[in-house]
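User: I would like to learn how to read contacts, helix packing and cores in a model. Please take me through them one at a time.

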Amino acid sequence: MKFLRRFFIRFSNLATGRSADQRLQEEIAEHLALQAEENMRAGMSPAEARRQAALKLGITQAIREHHHAEQSLPFIENLLFDLRYAVRMLLRSPGFSFIAIATIALGVGATTAIYSVIDATLLHPLPYPNPAELVCVVDDLPGVGAHRVGISVPEWRDLESSGIFQSVSITGTGANVNLTGSAQPLRLSFKQVMPNYFAVLGVGAQLGRTFDANDATPGYNLEVVISDGLWRREFGADPHILGKVLRLDNDEYHVVGVMPRGFRDQGSTSEEQNVELWLGAGFAGVPFPAPQRGTRLRSRAVIARLKPGLSIAAAQGHLNALVESLKKQYPGDYPPQTEWTIRLVPLSETVVGSVRQSLILLFGAVGLVLLISCVNVANLLLARASVRGREIAVRQALGAQKTRLIRQLLTESLLLFLLGGIAGSALLLCTQHLLLRLIPESLPHLNDISINWGVLGFAVAVSVAAGTIFGLTPAWITSGVDLIGTLRQEGRGSGGSRQRSRVRQILVISELALSLVLMVSAGLLLRSFWDLFAVQPGFNPDRVIAIQTWLPGPNDPNVDMYRTATQESVLVREILRRSRTLPGVEEAAIGDEASLPLGHRDPGGLPLIREGIETMENQAPVIDSPIVSPEYFHLLGMPLERGRLFSDEDLEDTPQVAIINQAAARTYWLNQDPLGKRVRLRLDTRGLPGSAKPAWTTIVGVIADARTESLADAAIPQIYRSVYQRSAKDLAIFLRGQLDPSTISTQVRTQVRSIDPTLPVFHAETLDEVLYTSLAVRRFSMEMVAFFAATALLLAGLGIYGTISYLVNEQRREIAIRLALGAQRGSILNMVLRRGLGMAAAGAGVGVAGALIVSHLMAGLLYGVSATDLPTFAGVTLVLTMVALAASSIPALRAMRLDPIATLHAE
Amino acid sequence: MVLKTLNVLGSQHGWGIARRIEQISGDLLAVNQGTLYPLLLRLEHEGSIASEWGVSENNRRARFYRLTAAGRKQLQTETREWEQIAAIIERFLNVKSEDLS
């Protein structure tokens, strides 16, 4: 309290510049007069009385200083003095200041830019209250190599009542639905969720309500919650939207609530985060399968909120115990060989886990750039210190304390770094729109990336930290000058100490080493990217466009006009026939979304039950199973290896047939002939009468492997079925030919509408584009790291140039004497270049060691190139050496051309 | 000491306080009188004393310091604390070996 009062008064005195000096002087005069009178009364002479009085009072100047120190805040006052001086120093050498500030601005700006991305993704992955409690519940059957097999409704009930979670919610993984009844049928992203979904996330509606968690029905409860975006876009922010009926896939849903603006669904893709409709469902009745323990809800995600205070590890422990007891209780449903387990994964991990490594790599790279730019500035500060050596020495000779000098030098460097940080942030603010465009669209939370106060605070913190660390060293070395030596030497105009030049060399060597690390990383990423780009995908994406449509799937199968493959085949054949008549189209085929090469959502897979091997769905491995029309393989150029392709005669009422790829043949029928083998894929009961078991499907063909899932993965087992035998809702129309992407979409839409006006047509993309975007995150990180590496190389080149120039300058007397004594100019050149080469060699040595460590850490991001790729390492080292040579050749040439007479005269 | 002096004598100027402290201490505390002034300023900043210009006994302008209510309270607490410390030290100094056995 008292301390605060004192502080505030002193602070206000400081701020207003009020001084009590006048008052003190008056008081002292009065004091002296009184004391002198007293002394005279004691019998002293007036002169002696005054002398004694002054002696008794003490040194007036010291009292005044103390009094002043008490009156105001000396620390801040000194700081202001230092600042004023620092500003003056910066203005006095604008070239130095500009280069230093620009270097720091570059480093801090780039670091802050990457930090803003990390801030929005890794640091704030979930925009919900208490995100640490949110987990994703994953069921695995490691015994049969099946992962993410989904949960059954009785298991969900077990989890709900386990006491581990506040609540557990089964959700869809996001899919399409047709909104009809408005001017144009719209295809919207929707998600079926259990009514407690929003309770798990902890978010309420801005208008109306979310689902009532106690109001669960087995099937759909025909209520829908819509997003703020949809509400504003399609309904003009109608305040009376509640209770309105939406026709979704020909079913009628009542709007019960509108989510708040800024709310977005969790999910790893932007598509999932753009869900605009949430449908309440129980997942336990029509159209969902009956809730049996063995009936796993595939391609459904389970998210849950842990009880407060329960760690994930502890919850996992409880869960393992629960799993064990369930296995004992229902041995028939959980055969021991499947090794059923339930994993808890932090929800944030499922959202941003896929890009974590890339982002951390980027942050590391940009951190190195920052480090290099700081080292460069420290180097510049040291160079300037040699110029200011005399000033410092004089100040020290006049009695300045070493700590006081350090404080002043530190203030200068801090000012420099802060200005750099501010310049960097300003630059970032100006260019953020441009920069945002560089970021691939597939990055989660792209829209949340912004330069907010937290990010700016980070920039300031980084500048201050860097300024302190990299300002302290030069300040320490500068203030530690040898007083007499410097003053004597400076008189002759040359200066500098051994220690200082050694520190500078170390700084340059570390710069070179750091940039080598960056360049090696960039080189490896570039080679990986190149290899991936040049990889043979196994299919021919050339001149192919895919256009998607969505057949409505009403909840009551009996009103579904595309319920059976026979019903659907009429539509499919008609679409194909009309598409072929479009101008430029040479070939046309149809497949479901899973048949879209690359870039499609994780299709979830179906259990593969081989005749005579697996007897229960629970034990079966999971396989991707695209549904395609017979023309698909030819259109995409996927050659048949054995057997036959689908024909137009494979219909719903003829024996079911399937085609597998070589990977599937290798995986499931190793050393056997897969042709003629019979399998059963667990089928959605939707579309099947009653509980009829699906018929056996015979494998009739094997096609060559293609990288349709991921360019980096050589072959993932696939089993293809014909669209004429198996209906699919999520259709993609493939067209090959001389097509104009801008008009083909409209033409296809017109054709499809003329067949069925309720069908939406959307998302036309050439396969080349798909291929390209599937590499977007890789391309982004590669480009960024390459950019950082180039920056680092530039800075390191500047650093080595500066240091060699400095060394040459320091040695010019020596060089002049050598020349005067008859040294060859070539040997002088050699001498200087050797210096540069020596530093480059040392930097490369340290850098290669560092790069080896880093490249092993980023092995997961590499493709087709080993972490110790010799050509990359050798090439990068060569480039670095060349740059170092080039940078040191300028001062070397200058040294060579030195005029010995003029130099020695000047000295 | 400053507070106590002011408490006893009421409003007083700098020299008066210094003189009084010397007298009370029997000239044992003969520090430089000048050190008093920064201290007075500090006490004033802390709100324990207040000051104003006045006229001294020989009709000259002088700055007079007086105790404020807060200062009086502080004097009381500090007096109490000091007495406690003094009492404790006293007990230690007077302790004899037979007392502890």
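User: How many residues of chain B are in contact with residues of chain A?

Analyst: This is a predicted model. The size of an interface is often given as the accessible area lost when the parts come together. Here the contacts are counted by residue: 17 residues of chain B are in contact with 23 residues of chain A.

User: Which elements of chain B give two or more residues to the side that touches chain A?

Analyst: They are helix 2, helix 3 and strand 3 (61-67) of chain B. Helix 3 of chain B gives the most, with 6 residues. By class, the side of chain B that touches chain A has 5 nonpolar, 8 polar and 4 charged residues.

User: At what angle do helix 2 and helix 3 of chain B pack?

Analyst: Two packed helices are described by the angle between their axes and the distance between the axes. For helix 2 (residues 14-24) and helix 3 (residues 36-46) of chain B, the angle is about 110° and the axes are 11 Å apart. Angles of 65 to 115 degrees count as roughly perpendicular, so these two helices of chain B are roughly perpendicular to each other. Helix 2 of chain B passes helix 3 of chain B in a right-handed crossing.

User: Which residues meet where helix 2 and helix 3 of chain B pack?

Analyst: From helix 2 of chain B come B:G14, B:I17 and B:A18, and they meet B:L36, B:Y37 and B:L40 in helix 3 of chain B. That contact has 5 nonpolar residues, 1 polar residue and no charged residues.

User: How do helix 5 and helix 13 of chain A cross?

Analyst: The axes of helix 5 (residues 74-92) and helix 13 (residues 402-438) of chain A come within 9 Å and cross at roughly 60°. That angle makes helix 5 of chain A oblique to helix 13 of chain A. Their crossing is right-handed. Among the residues of helix 5 of chain A that take part are A:L79, A:D82 and A:L83, and helix 13 of chain A gives residues including A:R407, A:L415 and A:L416. By class, the contact has 8 nonpolar, 2 polar and 3 charged residues.

User: Which residues have the most contacts inside the largest nonpolar core?

Analyst: In soluble globular proteins, nonpolar side chains tend to be buried together. The largest nonpolar core in this model has 103 residues, and those with the most contacts inside it are A:L512, A:L516, A:L518, A:V785, A:F788 and A:A792. Take A:L518 as a case: not counting residues up to four places away in sequence, A:L518 touches A:A365, A:L368, A:F788, A:A789 and A:A792. Another core, of 68 residues, lies apart from the largest one and includes A:L141, A:W340, A:A565 and A:L759.

User: Where is A:N130 found, and is A:N130 buried or exposed?

Analyst: A:N130 is found in the loop between helix 6 (94-123) and strand 1 (134-140) of chain A. A:N130 has 12 C-beta neighbours inside 10 Å and therefore counts as exposed. Although A:N130 is not a glycine, its phi is positive, at about 45°.

User: What is phi of A:N671 near?

Analyst: Phi of A:N671 is near 60°, a positive value in a residue other than glycine. A:N671 lies in the loop between helix 19 (662-668) and strand 19 (678-681) of chain A. With 5 other C-beta atoms within 10 Å, A:N671 is exposed.

Key
Residues are numbered from 1 along each chain as its sequence is written. Chains are lettered from A and ligands numbered from 1 in the order in which they are written. This is a predicted model: local features need pLDDT of at least 70, side-chain atom pairs count only at pLDDT 80 or more; totals for chains, interfaces and linings use all residues. Axes are lines fitted to C-alpha atoms, for helices over the stretch in contact, and angles run from 0 to 180 degrees between N-to-C directions. Helices (H or I, at least four residues) and strands (E, at least two) are DSSP runs, numbered from the N terminus. Angles under 35 degrees count as roughly parallel, over 145 as roughly antiparallel, 65 to 115 as roughly perpendicular and the rest as oblique. A crossing is left-handed if the near helix is turned anticlockwise from the far one by less than a right angle, and right-handed if clockwise. Two residues are in contact if their C-beta atoms, placed from the backbone, lie within 7 Å. Ala, Val, Leu, Ile, Met, Phe, Trp, Tyr, Cys and Pro count as nonpolar, Asp, Glu, Lys and Arg as charged, and the others, Gly among them, as polar. A nonpolar core is a set of buried Ala, Val, Leu, Ile, Met, Phe, Trp, Tyr and Cys residues joined through C-beta atoms within 7 Å. A residue is buried if 20 or more other C-beta atoms lie within 10 Å of its own, exposed if 12 or fewer, and partly exposed in between; C-beta atoms are placed from the backbone.
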